[in-house]
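Let's take a friendly walk through this structure together. Keep the picture in view as you read.

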Amino acid sequence: MEVKKSSYEELRRQRLEENLKRLEELNLPKLAQKLKDATAKSSPAKQKKPRIIRKELMDFVDVRRSPRVAGKPTPVYRELYADDKEKVIVRRSYKRKDLNDRVYASDEARSFAIDKANEVQSKLGTKFPSFVKAMLQSHVTGGFWLGLPNKFCKSNLPHTDDTITLIDEKGDEYDTVYLSQKNGLSGGWRGFSLDHNLADGDALIFELVKPTTFKIYIVRASDYKPQH
């Protein structure tokens with residue numbers, strides 16, 4: 001038994017020596033050490049550009065902290081970076097109309113506004129294409145989507161989505177998003193509607209003074225005076 005045990009130990013020792021020689025021939029220990037050293041080295045962290053907020057901006061930026069100040073004018077947010085390039089973000093906010101307080105125009109008031117709008121349109125002449133659009137609740141509350149006459153859009157407006165500018169009678173300009181496939185105004189129309197207090201029954205004259213610019217004239221249904 002002793003002879004067999006010593007023979008087994010001798011064979012085991014020889015195999016270990018042979019395995020070590022093979023590893024040395026393949027340089028595996030050195031490769032393993034290099035891999036370990038490379039992993040230990042951490043890649044340098046990416047340096048972020050420092051952001052600078054100038055103190056003087058804090059004098060006029062009114063930060064909204066709760067719904068209690070939601071009715072106050074929207075501030076202009078400015079972000080200044082270390083390279084002195086200024087990024088200005090302007091956001092308007094409008095108080096949403098209470099849908100429970102909707103006021104519907106009477107048939108008489110609606111007809112009055114449309115008739116007056118047609119009179120205004122006739123006085124504009126034919127130099128620029130125009131049309132009359134009567135306001136509904138969906139135009140001035142809730143969804144604030146304004147569909148335009150299909151025939152007018154096909155003949156006069158871009159066939160791709162574009163920005164269309166609305167100019168009111170004071171000369172103030174409002175940019176709106178025109179969706180060509182739907183023939184209507186989406187983004188920006190809500191702001192125009194609320195800024196001008198448009199209501200159900202009002203009639204608007206759209207005069208296309210430039211390829212993507214409308215001059216807007218407003219006739220109020222509330223101007224109707226019943227005859228006694």
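Predicted model: local features only at pLDDT ≥ 70, side-chain atom pairs only at ≥ 80, totals over all residues.

Strands of a sheet pair through backbone hydrogen bonds, either parallel or antiparallel. For E7 and E8 (residues 184-185), the sense is antiparallel, over 2 bridges. Leucine 179 has glycine 184 of E8 as its bridge partner.

Now look for the nonpolar side chains. The largest nonpolar core has 24 residues, and Leu157, Leu166, Trp189, Leu204, Phe206 and Phe214 have the most contacts inside it. Elements giving two or more residues to this core include helix H5 (150-156), helix H6 (189-195) and strand E6 (162-167). Another core, of 9 residues, lies apart from it, with Ala105 and Ala221 among them. Beyond its neighbours within four places in sequence, Leu157 is in contact with several residues, including Phe152, Tyr178 and Phe214.

Finally, turn to the aromatic rings, which form 8 pairs. The rings of Phe131 and Phe206 count as stacked because their centres are 4.9 Å apart and their planes are at 5°. This pair links E4 with E9, joining residues 75 places apart in the chain. Phe131 is buried, with a relative accessible area of 7%, and Phe206 is buried at 0%. Together with Phe152 and Phe214, Phe131 and Phe206 form one aromatic cluster. Elsewhere, the charged end of Arg190 sits over the ring of Phe144, 5.4 Å from its centre.

Methods: Residues numbered from 1 in each chain as written. Heavy atoms only, no water. Core = buried A, V, L, I, M, F, W, Y, C linked by side-chain atoms within 4.5 Å. Buried < 20%, exposed > 50% of the residue type's maximum accessible area, 1.4 Å probe, protein only. Helix = DSSP H or I, 4+ residues; strand = E, 2+ residues; numbered from the N terminus. Contact = heavy atoms within 4.5 Å. Pairing = 2+ DSSP bridges. Phe/Tyr/Trp six-rings, centres within 6.5 Å; stacked < 30°, edge-to-face > 60°. Lys NZ or Arg CZ within 6 Å of the ring centre and 35° of its normal.
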